[in-house]
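Dear colleague,

I am handing over the structure we spoke about, with the sequence alongside.

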Amino acid sequence: MPTPSGSPEREGSTGGPNQLECPPSSPPGMDHSMGSPLLSPDSSCQDAMLSAPAASPADSESLSPDELELLAKLEEQNRLLEADSKSMRSMSGSRRNSGSSLVSSSSASSNLSHLEEDTWILWGRIVNEWDEWRRKKDKLLKELIRKGIPHHFRAIVWQLLGNATDMPVKNQYSELLKMSSPCEKLIRRDIARTYPEHEFFKGQDSLGQEVLFNVMKAYSLVDREVGYCQGSAFIVGLLLMQMPEEEAFCVFVRLMQEYRLRELFKPTMAELGLCIYQFEYLLQEQLPELNVHFRSQSFHTSMYASSWFLTLFLTFLPMPVATRIFDIFMYEGLEIIFRVGMAILQYNQTDLIQLDMEGMSQHFQKVIPHQFDSCPDKLILRAYQVKYNPKRMKKLEKEYTTIKNKEMEEQIEIKRLRTENRLLKQRIETLEKVRDRNLYTEQFVTGLQMQLEQSRLQEAELLGALKEMQDKVLDLEKRSSSLPDENNVAQLQDELKLVKLRELETLHSFREMQDTVTELNQRWQLHMSKGGGGHWKESPKKNALNELQDKLMGVRLREAQAQAELREVKLQAIQLESQNQIHSKLIGRHEVESAAMQERLQQLAGQNKGMLAQLTEMKRKQAELDCKSKEEVMAVRLREADSMAAMAEFRQKIAELEIQKEEGLIQGQLNHSDSRQYITQLRDQIGELKNEVTHI
């Protein structure tokens, strides 16, 4: 038999203790929460179990004469108890601090019955000689534990069974309480839900709630991976009902480390899945009709059995019955949970088969928990009548591990396929974007080509306009060169001044002549008025008159010539002045036009340079776009080739998954997995992707 520090999963025989009938009724006045020292504190009919210690001949040979005599006395006292139920009354129990010292046989009270004294002596000897009993009398110890550990010995026996009497972590407990845990809020929230009707934990500031919080907080700091899980508080609460918080903390640490509870309470709860798988195998093998009924009603095993494994029946059965089961669990591990669970289903098979899902739920909640209140031994007896093969359970564990590994591989493969699926979708989206980009690029290139043609036309027009303007400038320069220069203009102005002076002189002479003619006319008139006509009878006078007339006519002719010359000079002056003005205006206009033409020429030159730069840039962009387009076309073709290769690989993997699925269905290993659904979804997605790729 392995030591307590080893694995609690011990291989045992499929048989159990001698089959006994439970008494028809519990003795009057029996306190089910305490019981006798030999009996469990929660048993009302354990005398039936105690009547058969079930010591084998080999065990009897290993016992000393004193121990054999003690066992004989125990059997005799059990028969007396069966005859007189009043002798089963014992003192009411109270929570007792066991400490870490070993209990001596001399601690038995003098007012106990002989049976109680013998029980105290026996368990005191077991505790004091623990190592020897574990080595030499292990089978007898197992039978005594199955019959129930006395209430006052539970604390020290549980510590001995769990090898938790001297753990280094106990010295760290006080330091852990000073630290802060990230799980404190969760623990505080759930404290009030743990044994809310029990006197020790009742009340918000009760001692039970405080020490329960301390133990749960300390463990959450020791094992940060598990931290805190709600179901574990019920196990710690039961330990605190039997021992101080430091010892309870040590026992709980040992339970988590060595009794598979840590794997049960991990976030993944992988061990719970294994337990459910093994329990379903027992159910299918031993209760096939009930198993079929459960399946037909979709009443899954996890719906009722999960709490059995997580809380060890502490939240399902009354405390006295659950404590008896916990006694055996401390010695045999989770095997007792499988046995008790199967015993409960066997006992209720007839009723459960007649109920629907809701009725079965009500039956599990209200009827089953109270069926063994009066006789826990009846449940223990039925539990050890259940067929349980540890070797087969080990094989189931390997099978479950294989299935889980395969499921994990499938999940990894499915995740990988989903990742590749997502990548393929991204590639398809990229291809669509590239296709749209190519269309846009083609349109953009076409637009650029049109703009290039328009630019070339504008360039030709501008070049033509520039040439025309250059011709105009040359023509204007020629015309400007043919015009008189500034020196000629100055000479013309001097000549004009001289002409004006001559005109003034001519006018002065003309006025003098007019004055002379006027004077002569006056004289002539005066001469005529004086009768000068009689005096001119002679020819000399007539000759003088004729001469005067001739002179007058000559003067008038000269005057007319002078006026004609004056008019001609004025006309020439006017012509010269008008020509001068015209030339000045032409010169000014030519200068303005030349400046405008120069400015326009500069603008056209700048525009020409800009257009040439744009043309060069457009040619460069066109070359880049052509290069990018070629690269993108090559990339698209490469991606299409990769997509086709990925599609072929997907088809091959789907075929492999379908083969694995068929094999798994034939072997019955994929009944509780979602692989078919995943593969169906994957096939649908791959089909859609094929259509999209084909469309692209």
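The model is a predicted one, in which local features need pLDDT of at least 70 and side-chain atom pairs count only at pLDDT 80 or more, while totals for chains, interfaces and linings use all residues. Residues are numbered from 1 along each chain as its sequence is written, and side-chain values use heavy atoms, with hydrogens and water left out.

Rings of Phe, Tyr and Trp (its six-membered ring) are taken as a pair if their centres lie within 6.5 Å, with planes under 30 degrees apart called stacked, those over 60 edge-to-face and the rest tilted. By this rule the count comes to 25 aromatic pairs. In one of them, the ring centres of Phe279 and Phe309 are 6.2 Å apart and the planes stand at 80 degrees, so the pair is edge-to-face. Phe279 belongs to helix α14 (residues 270–286) and Phe309 to helix α16 (residues 301–311), so that this pair links distant parts of the chain, 30 residues apart; helices (H or I, at least four residues) are DSSP runs, numbered from the N terminus. Both Phe279 and Phe309 are buried, a term that stands for under 20% relative accessible area with a 1.4 Å probe and protein chains only.

Trp308 and Phe364 also have ring centres 6.2 Å apart, but with their planes at 40 degrees, so this pair is tilted. Because Trp308 lies in helix α16 and Phe364 in helix α19 (residues 357–367), the pair ties together parts that are 56 residues apart in sequence, and both residues are buried.

Two charges sit over rings (NZ of Lys or CZ of Arg within 6 Å of the ring centre and within 35 degrees of the ring normal): Lys137 lies over the face of Trp133, at 4.8 Å from the ring centre, and Arg188 over the face of Phe213, at 3.6 Å.

In helix α9 (residues 184–191), Ile187, Asp190 and Ile191 are buried. Seen down the axis of α9, the buried residues fall within an arc of 110 degrees (taken from the directions from the helix axis to the C-beta atoms), so they line one face of the helix. These buried residues of α9 pack against α10 (207–222), where contact means heavy atoms within 4.5 Å.

Lastly, Arg339, in helix α18 (residues 335–353), counts as buried at 0% relative accessibility.

Terms used:
Helices (H or I, at least four residues) and strands (E, at least two) are DSSP runs, numbered from the N terminus. Buried means under 20% relative accessible area, exposed over 50%, partly exposed in between (1.4 Å probe, protein chains only).
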